[in-house]
Amino acid sequence: MTICPMDQSHVAAVAEIGRLCFSEPWSEAAVRGELQNPHGEIYVCCEEGAVLGYASIAFVLDEGSINNIAVLPQFRRRGIADALLYFLDGQADRRSLSFFTLEVRASNQAALALYEKHGYRPVGRRRGFYTKPAEDAVLMTKYYQMRKETEE
């Protein structure tokens, strides 16, 4: 299993994973557009040339946001999302980010547990954030700089 930046050859696979995982997925054009976004990146997790999952991030100055993490349904519970989150920790360090924040469906207990395992903590709620079906989002944040300062 390897994680690398998405390139043009991964676009269709990333869009398909999004279609399988999200009720309102990004179009292939939107995924392709991230290749030109100076404030965003998508990383793919591949095995034997096949894209099994991806993580999309955005960043401005020292603030990071995780837009999406998705794994093909048939490859879930194999550590791919864990690997992507550990990889994003490295990207946060490389970019000297103070934090990553993300939204997750309030009913998605598996994702909530995964993010908490990786140090993300609930910091708020976005009422009616999701549609198809309508649902609140739990806003979660993982701080990096604060952790470094307390370790010193």
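Student: Where is lysine 132 found?

Tutor: Helices (H or I, at least four residues) and strands (E, at least two) are DSSP runs, numbered from the N terminus. Lysine 132 is found in the loop between strand 6 and strand 7. This is a predicted model, in which local features need pLDDT of at least 70, side-chain atom pairs count only at pLDDT 80 or more, and totals for chains, interfaces and linings use all residues. Residues are numbered from 1 along each chain as its sequence is written, and side-chain values use heavy atoms, with hydrogens and water left out.

Student: Is lysine 132 buried or exposed?

Tutor: Buried means under 20% relative accessible area, exposed over 50%, and partly exposed in between, with a 1.4 Å probe and protein chains only. Lysine 132 has a relative accessibility of 57% and therefore counts as exposed.

Student: What is the phi of lysine 132?

Tutor: Its phi is positive, about 55°, although lysine 132 is not a glycine. The peptide bond from lysine 132 to proline 133 is cis, with omega near 0°. Proline 133 lies in the loop between strand 6 (121-130) and strand 7 (135-143).

Student: Where does arginine 77 lie, and what is its phi?

Tutor: Arginine 77 lies in the loop between strand 4 (63-71) and helix 3. Its phi is near 65°, a positive value in a residue other than glycine. With a relative accessible area of 82%, arginine 77 is exposed.

Student: How is the span of helix 3 read?

Tutor: The expected span of a helix is 1.5 Å times one less than its number of residues. Helix 3 (residues 80-94) has 15 residues, and from its first C-alpha to its last it reaches 21 Å, close to the 21 Å expected. Serine 96, which follows helix 3, has a positive phi near 55°.

Student: Which residues of helix 3 are buried?

Tutor: Among them are Ile80, Leu84, Leu85, Leu88, Asp89 and Gln91. Glutamine 91, at 9% relative accessibility, counts as buried.

Student: What is glutamine 91 in contact with?

Tutor: Contact means heavy atoms within 4.5 Å. Leaving aside neighbours within four places in sequence, glutamine 91 is in contact with Glu41 and Tyr43.

Student: Where is the place of glutamate 63, and what is it in contact with?

Tutor: The place of glutamate 63 is in strand 4. At 44% relative accessibility, glutamate 63 counts as partly exposed. Apart from neighbours within four places in sequence, glutamate 63 is in contact with Ala58, Leu97 and Phe99. Glutamate 63 and aspartate 89 are 26 residues apart along the chain, and their C-alpha atoms are separated by 13 Å.

Student: How many helices and strands does the protein have?

Tutor: The protein has 5 helices and 7 strands. From the N terminus on, the elements run β-α-α-β-β-β-α-β-α-β-β-α. The radius of gyration of the protein is 15 Å, close to the 15 Å that the globule rule gives for 152 residues, so the protein is as compact as a globular protein of that length. That radius is taken over C-alpha atoms, and the globule rule is 2.2 Å times the number of residues to the power 0.38.

Student: What share of the residues is buried?

Tutor: Buried residues make up 42% of the 152 residues in the protein. Of the contacts with a separation of 6 or more, 58% are accounted for by residues 24 or more positions apart.
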